[in-house]
Amino acid sequence: MPKSEQTRTLILETALRLFQERGYDRTTMRAIAKEAGVSVGNAYYYFASKEHLVQGFYDRIAAEHRAAVRPVLEKETDFEARMAGVLTAWLDIAAPYHEFAAQFFKNAADPESPLSPFSPESAHAREAAIDVHREVLAGSRAKVAEELRDILPELMWLSQMGLVLYWVFDRSADSERSRRLAVRGARLTSRGVALARFRVLRPLVREVHELFTDFLPGMAQTVAARRTGGGPAAGSPGAGPAQA
């Protein structure tokens with residue numbers, strides 16, 4: 001691993017540890033730099049702010065999740081099993097960060113916050129997560145109308161965000177309640193996808209999708225970028241160092 005990537009990883013891991021130990025609000029970039037053994041200027045070189053560090057955390061979770069779901073996606077063709085496998089794999093990956101997630105959620109819950117999963121700054125991690133759901137759908141036996149193939153993965157990701165919200169506040173042992181919700185949610189999503197093949201219900205699916213893209217900051221931008229074949233524009237928040 002190049003030295004620059006080692007330094008970046010060190011800063012990120014140090015930040016995550018301090019967020020867990022001290023809380024997000026009480027951890028400063030100066031404290032992170034000191035603990036990591038780098039200069040403050042060097043810390044800011046790799047991460048322009050604490051918010052960019054959280055974006056680095058989002059990207060790490062997304063990358064680990066993509067790797068963790070490979071066994072189920074390569075073996076299963078049943079949609080419900082694929083969806084349940086993806087959701088429970090996310091819970092497994094996120095488990096070590098449970099307390100940290102609860103600490104910064106009050107910031108991430110603000111739809112105008114750059115920490116929000118719906119913000120333009122989160123576009124890179126959000127699109128990576130939607131790609132996983134796109135693969136869930138494409139590799140399954142589910143019959144899907146062509147006009148819904150781009151819409152359904154985004155709605156599937158939104159259902160995962162509902163699970164994440166529940167998990168943040170779940171205090172059951174080993175997040176058992178969240179795991180049960182993941183399985184039941186996969187079953188419900190499977191039924192919804194099956195119903196969506198009926199022509200009479202397709203306008204309703206499109207209307208639900210339009211509702212979310214109209215009212216969730218960043219979602220409309222992500223959809224528009226994908227349809228034009230682009231990603232976050234150079235120099236935009238979604239193209240910041242956390243996505244490098």
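Helix α6 passes helix α9 in a right-handed crossing, where right-handed means that the near helix is turned clockwise from the far one by less than a right angle, and left-handed that it is turned anticlockwise. Helices here are DSSP runs of H or I with at least four residues, strands are runs of E with at least two, and both are numbered from the N terminus. The model is predicted: local features need pLDDT of at least 70, side-chain atom pairs count only at pLDDT 80 or more, and totals for chains, interfaces and linings use all residues. Residues are numbered from 1 along each chain as its sequence is written, and side-chain values use heavy atoms, with hydrogens and water left out.

The angle between α6 and α9 is about 40 degrees, and their axes are 11 Å apart. Axes are lines fitted to C-alpha atoms, for helices over the stretch in contact, and angles run from 0 to 180 degrees between N-to-C directions. That angle makes α6 oblique to α9; under 35 degrees counts as roughly parallel, over 145 as roughly antiparallel, 65 to 115 as roughly perpendicular, and the rest as oblique. On the α6 side the contact is made by Phe79, Met83, Leu87, Trp90, Leu91 and Ala94, and on the α9 side by Met156, Ser159, Gln160, Leu163, Val164 and Trp167, a contact being heavy atoms within 4.5 Å. By class, the contact of α6 with α9 has 10 nonpolar, 2 polar and no charged residues. Ala, Val, Leu, Ile, Met, Phe, Trp, Tyr, Cys and Pro count as nonpolar, Asp, Glu, Lys and Arg as charged, and the others, Gly among them, as polar.

Helix α9 covers residues 151-169, and its 19 residues should span 27 Å at 1.5 Å a residue; the end C-alpha atoms are 29 Å apart, which agrees. The expected span is 1.5 Å times one less than the number of residues. Of the 19 residues of α9, 14 are buried, so this helix is mostly covered. Buried means under 20% relative accessible area, exposed over 50%, and partly exposed in between, with a 1.4 Å probe and protein chains only.

Helix α6 (residues 79-94) also packs with helix α8 (residues 123-138), at an angle of about 160 degrees and with axes 9 Å apart. The two are therefore roughly antiparallel to each other. Their crossing is right-handed. Phe79, Arg82, Met83, Val86 and Leu87 in α6 meet Val132, His133, Glu135, Val136 and Leu137 in α8. These residues divide into 7 nonpolar, 1 polar and 2 charged. In α8 itself, the 16 residues should span 22 Å, and its end C-alpha atoms are 22 Å apart, which agrees. Among the buried residues of α8 are Arg126, Glu127, Val132, His133, Val136 and Leu137.

A further partner of α6 is α4, packed at an angle of about 130 degrees with the axes 9 Å apart. That makes α4 oblique to α6, and the crossing is right-handed. Ile61, Glu64, His65 and Ala68 of α4 make the contact with Val86, Ala89, Trp90, Ile93 and Ala94 of α6. The classes are 7 nonpolar, 1 polar and 1 charged residues.

Aspartate 59 is found in α4, which covers residues 50-68. At 14% relative accessibility, aspartate 59 counts as buried.

Beyond α9 comes the loop to α10. Aspartate 174 lies in the loop between α9 and α10, with phi near 55 degrees, a positive value in a residue other than glycine. Serine 175 lies in the loop between α9 and α10, and its phi, near 50 degrees, is also positive in a residue other than glycine. Aspartate 174 counts as exposed at 56% relative accessibility, whereas serine 175 counts as buried at 10%.

Serine 178 is found in helix α10 (residues 176-195). At 0% relative accessibility, serine 178 counts as buried. Not counting residues up to four places away in sequence, serine 178 touches Leu91, Leu163, Tyr166, Trp167 and Asp170.

For the whole protein, the count is 12 helices and 0 strands. Buried residues make up 47% of the 244 residues. Of the contacts with a separation of 6 or more, 72% are accounted for by residues 24 or more positions apart.
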